[in-house]
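Subject: Structure handover

Hello,

Here is the structure for you to look at. Please open it first, then read the notes below it.

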Amino acid sequence: MAQIFHPGFNTLARLGVLLAVTGPVAVIMGASAISRSSFNTKVGVAPDQPIPFSHEHHVNELGIDCRYCHTSVEKAAHSNVPASETCMSCHSQIWTNSPLLDPMRESYRTNTPVKWNLINKVPEFVYFNHSIHINRGLNCNTCHGPIQKMQMTYKGQYFHMVWCLECHRNPEKFVGKREDVFSLYERGQRTSANNYVGRGVTRRETELLRHGGLVPREGKELEEGKALVKQYGIKTKQLTDCSICHR
Ligand code: HEC
Ligand code: HEC
Ligand code: HEC
Ligand code: HEC
Ligand code: HEC
């Protein structure tokens, strides 16, 4: 200390200089610690919703395509949660008296959206775009967990920076064919006893349907991934630039 602070420095000033040096690091570490605590991550915990909407029922049993309700997911940065008109296309005829659907009928009548609790979100300083990911053949379950099995929707994945980078460093392990993204749920319906094995579903796809998450290609499958990266013209080096996600 003697070398850094000349004798005229009072204690308060020393503290100030020390804080200036260590402060930003401490603040970032503090912020990350808070954002990573289980209170804030809530993976696997379904929040209450105004209507007990079940993806299991509508996707797995009835076989409705994601895009019927999330109409913008392929085309826009943000995916939308469906308006009540979308639900009413069926529920003006089915379950018309169920009190479970009261909030939806009320919303339809008054032309105000149902107040769903938003589950997935990245912080304001992070840019994310759905359409590009879907167009590179990444299945929804990679980032959202096994949606088609959920009675009540929960968060499948907390979006840590290192998690995004895990794929951005090695996209060949994860990209797929565009046509497989939505057909997977339909093919999954045809597999044995909800176990998702066989009948036109690959080993990786079985894992995606059962648990979701980052399921890497291995061995010979890696060659297919490398070919897709080339075909899509993905510039892997640039995918880890800070400015891609922080603009
Ligand atoms: C019949 C309409 C419908 C279909 C089909 C549907 N969803 Fe949803 N989805 C909803 C509604 C309503 C919500 C909001 C309530 C909730 O979170 O459960 C929602 C919420 C979500 C969320 C959470 C959004 C958030 O708050 O962060 C994800 C992720 C999602 N859906 C993915 C999918 C995927 C993937 C498919 C296809 C496999 C799909 N959905 C099919 C209606 C639908
Ligand atoms: C393509 C038709 C269709 C659409 C669109 C649709 N539903 Fe359904 N929904 C059904 C059918 C069929 C049932 C099951 C009836 C049964 O099994 O008795 C059902 C059942 C339900 C139930 C009863 C609980 C359950 O899961 O069994 C709720 C709640 C529900 N739907 C909410 C919604 C909401 C909210 C939307 C809009 C986001 C929606 N539905 C869109 C066809 C649809
Ligand atoms: C590469 C990862 C990834 C894939 C693949 C993905 N999502 Fe998302 N999703 C996210 C992230 C990250 C958010 C939070 C976005 C935000 O806060 O701006 C999100 C949010 C959502 C939301 C909430 C509304 C919104 O846009 O903020 C819905 C609904 C949704 N996703 C549906 C889907 C559906 C349906 C699919 C498949 C067709 C899908 N997602 C595929 C990462 C992904
Ligand atoms: C499983 C793989 C995977 C995951 C997980 C993933 N990405 Fe990506 N991301 C890609 C691929 C592939 C591309 C497309 C690169 C291309 O075509 O040039 C991409 C592109 C992007 C782009 C560029 C979009 C544009 O318009 O140029 C942004 C921004 C991005 N990702 C943000 C994120 C964020 C934030 C997360 C984490 C929440 C994330 N990604 C998670 C694979 C992934
Ligand atoms: C593929 C997308 C992506 C890229 C590339 C990326 N980041 Fe991030 N970054 C994120 C996400 C997502 C978060 C939010 C994490 C959270 O909410 O915990 C984040 C958070 C941060 C934070 C806040 C502290 C923390 O760890 O949560 C800092 C600082 C940061 N990024 C710096 C950088 C720098 C510097 C680079 C370039 C070397 C970079 N990022 C590249 C996605 C990205």
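Which residues of the largest nonpolar core touch the most other members? They are Cys140, Leu184 and Leu209, in a core of 13 residues. A nonpolar core here is a set of buried Ala, Val, Leu, Ile, Met, Phe, Trp, Tyr and Cys residues joined through C-beta atoms within 7 Å. Buried means that 20 or more other C-beta atoms lie within 10 Å of the residue's own; exposed means 12 or fewer, partly exposed is in between, and C-beta atoms are placed from the backbone.

Before the rest, the ground rules. This is a predicted model: local features need pLDDT of at least 70, side-chain atom pairs count only at pLDDT 80 or more, and totals for chains, interfaces and linings use all residues. Residues are numbered from 1 along each chain as its sequence is written, while chains are lettered from A and ligands numbered from 1 in the order in which they are written.

The core and helix 11

Helix 8, helix 10 and helix 11 each supply at least two residues of the core. Helix 10 gives the most, with 3 residues. Helices are DSSP runs (H or I, at least four residues), numbered from the N terminus; strands would be E, at least two.

Helix 11 spans residues 203-210, and Glu205, Leu208 and Leu209 are buried in it. Seen down the helix axis, these buried residues fall within an arc of 95°, so they line one face of helix 11. The arc is that of the directions from the helix axis to the C-beta atoms. Helix 8 and helix 10 (178-189) are among what covers them. After helix 11 comes Gly212, with a positive phi near 70°.

Leu184 is in contact with Asn139, Glu205 and Leu209, leaving aside neighbours within four places in sequence. Contact means C-beta atoms, placed from the backbone, within 7 Å.

Tyr185 lies in helix 10. Tyr185 counts as buried because it has 21 C-beta neighbours inside 10 Å. Outside four places in sequence, Tyr185 is in contact with Val59 and Gln148. Tyr185 and Gly63 are 122 residues apart in sequence, yet 7.8 Å apart in space, C-alpha to C-alpha.

The ligand shells

A residue is in a shell if its C-beta atom, placed from the backbone, lies within 6 Å of the ligand. For the classes, Ala, Val, Leu, Ile, Met, Phe, Trp, Tyr, Cys and Pro are nonpolar, Asp, Glu, Lys and Arg are charged, and the others, Gly among them, are polar.

- Ligand 1: 22 residues surround it, the closest being Cys66, Cys69, Asn120, Cys140 and Thr153. Helix 3, helix 4 (66-69) and helix 8 each give two or more. The shell has 14 nonpolar, 8 polar and no charged residues.
- Ligand 2: 20 residues surround it, the closest being Ser54, His57, Pro82, Cys87 and Cys90. Helix 3 (55-61) and helix 5 (84-91) each give two or more. Helix 5 has the largest share, 5 residues. Domain 2 (55-81 + 119-245) and domain 3 (83-115) both give residues to this shell, so ligand 2 lies between them. The domain bounds come from an automatic or database assignment.
- Ligand 4: 24 residues surround it, with Arg136, Phe159, Cys164, Cys167 and Phe174 the closest. Helix 9 gives the largest share, 3 residues. By class, the shell has 19 nonpolar, 4 polar and 1 charged residues.

Best wishes

How values were computed: Contact = placed C-beta atoms within 7 Å.
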